Amino acid sequence: MISKIVSEYKWKLVFAAVLSALSAGVSLWLISMINGSLAGAGMDDFVLTFLVAIVLLFTLGFFSQWLLARLGTSLVFRIRSLLVERVLGTSYEQLEKIGGHRVHATITTDVNSLSEALAIIPVFVVNLTTILLCFSYLAYLSPIMFTVLFLSLGSGVSLTAYIMYRGARVFTALRESEDGMFSIFKGMVDGSKELSLNEARRSFFLKQLVRPRLEEVKSLESNALTYWVLTQSWASTILFFCLGLLVYFAFAVYEIEIAVLTGFVLFTTYMVGPLNFVMRSFQFLFKGRVAYKKVQSLSLVENQLVDRVTDKSDVSGWGKISVRGLMYRYEESGDLSFSIGPVDFEVSEGEVVFIRGGNGSGKSTFAKALVGLYSHCSGSIHLGDIEVSEKNIQLYRNHFSTIFSDFYLFEHILNSKGELVSKVDVWSHVERLGMADKVDIVDGKLSTIDLSQGQRKRLAMLLACAEDAPIYLFDEWAADQDPIFRSYFYRELLPAFKADGKTVIVISHDDKYFDVADRMYNFELGKAYQEELAINELELSSQ
Ligand SMILES: Nc1ncnc2c1ncn2[C@@H]1O[C@H](COP(=O)(O)OP(=O)(O)OP(=O)(O)O)[C@@H](O)[C@H]1O
C-alpha cells in the first residue's frame with residue numbers, strides 16, 4: 001500500500017524536496033556570504049546579492065513549506081481512502097478475526113502516523129543533505145578541523161542512535177497498548193447502558209480496566225517521550241560541545257586561521273537547526289514504521305471490485321443450493337475452538353427452510369458459511385451446477401439478503417441495482433411491516449432509526465425487501481417481535497415472500513410455527529440433521 005502511495009506522489013515529493021533543498025542552498029549561500037565579508041572580502045556587490053538571496057530564501061521557503069503542508073493533507077486523504085477501500089475489500093471472516101477496535105484504531109491512529117512520516121521524508125532528506133553539504137564545505141575549508149568535528153560529532157550521534165533504538169522499542173509497546181485501550185473505549189460506549197445502571201460494574205470497569213490501561217499508556221508514552229527529549233537535547237548539546245572543542249583545538253592545539261575558525265563556527269551553528277530536525281524526524285519515522293507494521297499485520301486485502309454493483313434481481317433461475325460436507329472451525333487456541341460439520345444441506349428455489357437447534361449449536365455459524373461470509377470452509381457449495389469458489393463468491397453472495405441477530409441497520413434504502421429507492425416503490429413494504437406511522441422515507445433515507453429493537457428489525461426487513469435478492473435469510477428475526485406480529489411474520493409474511501417467488505431460510509426457536517417450513521434442519525453440536533418427520537408432528541401440534 002505504501003509503495004503504491006509513494007509511487008503516486010513520487011514527483012510531488014521530489015519537487016517538494018528540490019524546493020526545500022534550494023531553500024537550504026540559499027541559506028548556505030547567505031552564510032558563506034557573511035563569512036566571506038567577515039573574512040574581509042569586498043562589499044561591492046554585497047547589498048544587492050544579499051537582498052536577492054533574502055528574497056529567494058523567503059520565496060523558496062514559503063513555497064516548499066506550503067507544498068509540504070498540502071502534500072501532508074493529500075497523503076492523509078489518500079492513505080485513509082486506500083485503507084477504507086481495503087477494509088471494505090477484506091472478508092467479514094478476516095475482519096471478525098482482527099476485531100473492530102483494531103480496525104478503528106488503525107484508521108484513526110495509524111493513518112496519521114503514516115502520513116506524518118511520509119510528509120516528513122522530503123524535509124528529512126533535505127536537512128540531511130544540508131548537513132552533508134555543510135560537512136563537505138568544512139572538509140574543504142580545513143581537513144584537520146573537519147576530522148576533529150567529524151569524530152566528536154560521530155561519537156555523539158552513535159550514542160543518539162542507541163537512545164533512539166531503545167525509544168523505538170517503547171513505541172511498539174505503546175502502540176500495542178493503545179489497541180487494548182481502544183478495545184476498552186469500545187466496551188465503554190457499547191456497554192453504556194449497563195455501566196450507567198450498575199454502580200459496581202462501573203466502578204470495577206473504571207478501577208480495574210480503564211485506569212490501569214490508561215496508566216500503562218501514560219507511562220509508555222512518557223517513557224517514549226523521555227527518549228526523544230533526551231535525543232533532542234543531546235543533539236543540541238553535542239553540537240555546542242563540538243564547537244567548544246573546535247575553538248580549543250584551533251587555539252590551543254593546532255593554530256588555525258581565524259577566517260577558517262569563523263567558517264567552522266558559523267556552519268556548525270547553522271547545523272543546529274537541520275540536525276535537530278533530523279533528530280526530531282526520527283520520532284515520526286519510527287512511529288510511521290510501527291504504524292506501517294500495524295497496517296500490514298491486519299492483512300487487509302486490495303480488492304479492485306470494491307465499488308462494483310451487480311443487479312441482484314438478475315440472479316434468478318439458480319435452481320438449488322446444495323451443500324456437501326461443509327466444515328468450518330473458528331480460529332481459537334486450545335480445545336475450546338468450536339467447529340461445525342460435516343453438514344449436508346439443500347434449499348431449492350421458492351422453498352421455505354427452517355433451521356432450529358439449541359443455543360450455541362452452530363446455526364448462525366452455518367448461516368454465515370452458507371451465504372459465503374466464511375470462505376475457509378472445507379466441503380462444497382453448489383449453486384445449481386456451479387461450484388462456489390473464490391472466483392464467483394461475490395456473485396453467489398448477491399443471491400442473499402440477510403438479517404443476522406447482530407444486524408446493523410443502515411439508514412439508506414437501496415434497490416437491487418444499489419440505487420436509492422423512491423418512497424412509492426417501497427411504501428407498501430413499510431405498511432406491511434406496520435411501520436407507516438413511525439418512519440418516513442425522504443430521498444431514499446429512513447427519517448429515523450432511533451426505534452425499539454423489534455421496530456429496527458422490521459426496518460431491516462424493509463431494507464432486505466427493497467434489495468429484492470432471491471433468497472432471504474432471517475436469523476431469529478421474530479425473537480424481538482410481539483406475539484401478534486410474530487404470528488403475522490410466520491403465517492402471513494413468509495407465505496407472501498414464497499408467493500412472490502422468494503426463497504426463505506429462517507433460523508428459529510419458535511416451534512409453534514415450524515409447520516410453515518417446506519424443509520427443516522436441526523442443529524446439534526455443529527452437526528445438521530434434516531427432519532422429515534418433525535413437520536408432521538408439528539402440524540398435529542399446531543392444529
Ligand atoms: N466470532 C466467533 N469466534 C469464535 N467462536 C465463535 C464465534 N462466534 C461463535 N463462536 C462459537 O460458535 C458457537 C456456536 O455459535 P452460533 O452463533 O453459531 O450458535 P447458534 O446456534 O446460532 O446459537 P444461538 O441460538 O444462541 O444464536 C459458539 O458457542 C461459540 O463457541
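Modeller: The protein chain carries 50 positive and 59 negative side chains, and the centres of these two sets lie 5 Å apart. The model that gives these values is predicted. Buried residues account for 45% of the 543 residues.

The overall form comes next. The protein chain contains 15 helices and twelve strands. Its radius of gyration is 34 Å, well over the 24 Å that the globule rule gives for 543 residues, so the chain is more spread out than a compact globule. The C-alpha trace spans about 115 × 45 × 45 Å along its principal axes. Of the contacts between residues at least 6 apart in sequence, 76% join residues at least 24 apart.

An unreviewed UniProt entry places the feature "transmembrane region" at several spans, including residues 12–34 and 117–138. Residues 12–34 are 100% helix, and their end C-alpha atoms lie 33 Å apart. Residues 117–138 are likewise 100% helix, with end C-alpha atoms 31 Å apart.

The requested part can now be examined. Most residues other than glycine have a negative phi, and most peptide bonds are trans. Against that background, the bond that joins Gly-341 and Pro-342 is a cis peptide bond, with omega at about 0°. Pro-342 belongs to strand β2, which covers residues 339–348.

Asp-443 is not a glycine, yet its phi is positive, at about 50°. Asp-443 sits in the loop between β7 (441–442) and β8 (445–446). Because its relative accessibility is 69%, and exposed means over 50%, Asp-443 counts as exposed. Asp-468, also not a glycine, has a positive phi of about 60°. The loop that holds Asp-468 runs between α13 (453–467) and β9 (471–475). With a relative accessible area of 33%, Asp-468 is partly exposed.

Gly-372 follows helix α10 and has a positive phi, near 90°. Helix α10 itself, residues 363–370, is mostly covered, with seven of its eight residues buried. Among the buried residues of α10 are Lys-363, Phe-366, Lys-368 and Leu-370.

Technical notes: Residues numbered from 1 in each chain as written. Predicted model: local features only at pLDDT ≥ 70, side-chain atom pairs only at ≥ 80, totals over all residues. Heavy atoms only, no water. UniProt positions renumbered as here; feature names shortened; annotations may be inferred. Helix = DSSP H or I, 4+ residues; strand = E, 2+ residues; numbered from the N terminus. Rg over C-alpha atoms; globule rule 2.2 N^0.38 Å. Buried < 20%, exposed > 50% of the residue type's maximum accessible area, 1.4 Å probe, protein only. Contact = heavy atoms within 4.5 Å. Lys, Arg positive; Asp, Glu negative; His and termini not counted. Charge placed at Lys NZ, Arg CZ, Asp CG, Glu CD.
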